[in-house]
Every structure is written in C-alpha cells, then in structure tokens.
Amino acid sequence: MAWIYLSIAIVFEIGFALGTNATQGFTRLWPSVFTLLAAAGGIFTLSLALRTLDVGVGYTVWTGVGSIGTVLLGALIYKERITVPKLVSFAAIIGGIVLLKLSAGV
C-alpha cells in the first residue's frame, strides 16, 4: 500500500510543480488554488507512504520521479526542450530509483 500512496503523492508533486509555473508568482487565483491543493495532497500522501517506507527511500523516489514527470510534462505543456544531458540524467534517476526500490524490501 505504501507504494500506491507514494505513486499518488508523485502525481500531486508533478501537479504542484507544473501548477507553480502557471501561477505566475501566485498572482493567478485558480492556478494558485490548484497548486496549494496539490502541494497539500502530495505531502499528505507522502506521509502515508512514509508510515512503511524509509524516509530516505520514499522522499528520494517522490522527488526523483516527480522531477522526471515534471520535465516530461513541462516539455509537452510549456514546450521546454529535452536534451541529451537531460535524458542521461533521467536514466540515472530511474536507475537509482530501481535500486532503492529493490533495497527497500517493501
């Protein structure tokens, strides 16, 4: 169940990151409301996941996968470029996450 909570937290994390860009410095009401709710949802569901997972594993996976999702969706939504160094970095993050999951034993 912890990994399900963590997956939900990651979705919220991506929404928070993308929403922050859309707020334009928290000057736009509805993107700001969305962003704050996504942040709260992410922290709440992360806390549920951390009941079982080690904080080092849970937090690292949360931020790592959240970062990858944010970059990929940022490319689609905001037309940001994905370069070869970014792709190599993604591979390193994914490799680290796989190793963390395997070492967590949960």
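**Close-up views of a predicted model**

**View 1. Buried residues of helix α3.** Helix α3 spans residues 55–78, and its buried residues are Val57, Gly58, Val61, Trp62, Gly64, Gly66, Ile68, Gly69, Thr70, Gly74 and Ala75. Here, buried means under 20% relative accessible area, exposed means over 50%, and partly exposed lies in between (1.4 Å probe, protein chains only). Helices are DSSP runs of H or I with at least four residues, numbered from the N terminus. After α3 comes Lys79, which has a positive phi near 60°.

A word on the model: it is predicted, so local features need pLDDT of at least 70 and side-chain atom pairs count only at pLDDT 80 or more, while totals for chains, interfaces and linings use all residues. Residues are numbered from 1 along each chain as its sequence is written, and side-chain values use heavy atoms, with hydrogens and water left out.

**View 2. Helices α1 and α2 cross.** The axes of α1 (residues 2–22) and α2 (residues 29–49) come within 7 Å, crossing at roughly 155°. That makes α1 roughly antiparallel to α2, a term for angles over 145 degrees. Axes are lines fitted to C-alpha atoms, for helices over the stretch in contact, and angles run from 0 to 180 degrees between N-to-C directions. On the α1 side, the residues making the contact include Tyr5, Ile8, Phe12 and Phe16, and among those of α2 are Phe34, Ala38, Thr45 and Leu48. Contact means heavy atoms within 4.5 Å. By class, the contact of α1 with α2 has 15 nonpolar, 7 polar and no charged residues. Ala, Val, Leu, Ile, Met, Phe, Trp, Tyr, Cys and Pro count as nonpolar, Asp, Glu, Lys and Arg as charged, and the others, Gly among them, as polar.

**View 3. Thr45 in helix α2.** Thr45 lies in α2 and is buried, at 8% relative accessibility. A polar atom of the Thr45 side chain lies 2.8 Å from the backbone oxygen of Gly41. Leaving aside neighbours within four places in sequence, Thr45 is in contact with Tyr5, Ile8, Ala9 and Phe12.

**View 4. Ser32 in helix α2.** Ser32 lies in α2 and is buried, with a relative accessible area of 8%. Not counting residues up to four places away in sequence, Ser32 touches Thr23, Phe26 and Thr27.

**View 5. Val84 in helix α4.** Val84 is found in α4, residues 84–104. With a relative accessible area of 59%, Val84 is exposed. Its C-alpha atom is separated by 37 Å from that of Arg51, 33 residues apart along the chain.

Definitions and conventions. Helices (H or I, at least four residues) and strands (E, at least two) are DSSP runs, numbered from the N terminus. Angles under 35 degrees count as roughly parallel, over 145 as roughly antiparallel, 65 to 115 as roughly perpendicular and the rest as oblique. A polar contact is a pair of N or O atoms within 3.5 Å; within protein, one must be able to donate a hydrogen and the other to accept it, and residues adjacent in sequence count only if both atoms are side-chain atoms.
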